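I opened this entry to keep a record of what I looked up, in the order I looked.

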Amino acid sequence: DPKKDWPYEGDWIQTYWESRRHPHRQLILGALETLRPVESILEIGCNIGPNLALIKERFHDTELAGLDVNRTAIRRAEKLLPGIDLRVADAVKLPFRNNAFDIVLVDAVLIYVPPENIMQIVMEMDRVARRAILLFEWYDPRSILGTIKDFHWARNYTRLLKKVGFKGSMFKLSDEIWPSKIWKKNGRFYMFLRKS
């Protein structure tokens, strides 16, 4: 439902591009700073690429890739972000080799993934991520596969990612990070590192 998911008028893909200055994106950049050196990053569900644009500005020599199921968004992203490997693909089967990226980033994408697909996507993230997985997703302490909260899937990602060998930290969102009551209530930022 566009009114619940993206309550903006006009060209929603363009308004998503204009969301580059949304404060939560600074938390992503800060987390990436703590993980330096970073050779490569994949964003799953990149849409038109606002996160990738900001990462490219700060991490000049990092190899970047993004994928999304929305062909229109990827075609526009290709024009805005030359030099980034952008693909139309589904996260259930990532079109990349094993251990292809230092870091996998997922920003408000898994909230749309039903329980029957989540383990396959987690296994695919595990397959391609060498060092870390960063997530902005909705939290439910009791559910691993997912429960509906405010029209989206919420999960305990700490328990879910532990199953595939990652340990992590979870941060509750403040008004400064995500100025939305619904995201403040349900959203979390997760930083998972591969267990050595």
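I began with two tyrosines: Tyr-157 is buried, and so is Tyr-190. Buried means under 20% relative accessible area, exposed means over 50%, and partly exposed is in between, with a 1.4 Å probe and protein chains only. The model is a predicted one, in which local features need pLDDT of at least 70 and side-chain atom pairs count only at pLDDT 80 or more, while totals for chains, interfaces and linings use all residues. Residues are numbered from 1 along each chain as its sequence is written, and side-chain values use heavy atoms, leaving out hydrogens and water.

**Aromatic pairs**

I looked up the ring pairs next and noted 8 of them in the structure. Rings of Phe, Tyr and Trp (its six-membered ring) pair if their centres lie within 6.5 Å; planes under 30 degrees apart count as stacked, over 60 as edge-to-face, and the rest as tilted. Tyr-157 and Tyr-190 make an edge-to-face pair, at 5.4 Å centre to centre and 70 degrees between the planes. This pair links distant parts of the chain, with Tyr-157 in helix H7 (residues 157–162) and Tyr-190 in strand E9 (residues 187–194), 33 residues apart. Trp-178 and Trp-183 form a stacked pair, 3.9 Å centre to centre with 10 degrees between the planes. Both of these tryptophans, Trp-178 and Trp-183, are buried. I also noted a cluster in which ring pairs link Phe-136, Trp-138, Phe-171, Trp-178, Trp-183 and Phe-189.

I then went to Asn-47, in the loop between strand E1 (40–44) and helix H4 (50–58). Helices (H or I, at least four residues) and strands (E, at least two) are DSSP runs, numbered from the N terminus. Asn-47 counts as buried because its relative accessibility is 8%. Not counting residues up to four places away in sequence, Asn-47 touches Trp-12, Ile-13, Tyr-16, Asp-68, Ala-73, Ile-74 and Ala-77; contact means heavy atoms within 4.5 Å.

From there I followed Ala-73, which lies in helix H5 (residues 71–80). Ala-73 is buried, with a relative accessible area of 0%. Neighbours within four places aside, Ala-73 is in contact with Ile-13, Asn-47 and Ile-48.

**Helix H4**

I listed the buried residues of H4 as Pro-50, Asn-51, Leu-52, Ala-53, Leu-54 and Ile-55. They pack against helix H2 (12–17), helix H3 (24–34), E1, strand E2 (63–68), strand E3 (85–88) and strand E4 (101–107).

**Arg-87**

Arg-87 is in strand E3. I noted Arg-87 as partly exposed, at a relative accessible area of 29%. Leaving aside neighbours within four places in sequence, Arg-87 contacts Gly-66, Leu-67, Asp-68, Ile-74, Pro-95 and Phe-96.

**Whole chain**

I finished with the chain as a whole, which has 8 helices and 9 strands. Buried residues make up 51% of the 196 residues. Among contacts between residues at least 6 apart in sequence, 68% join residues at least 24 apart. The C-alpha atoms fill a box of roughly 40 × 40 × 30 Å along the principal axes.
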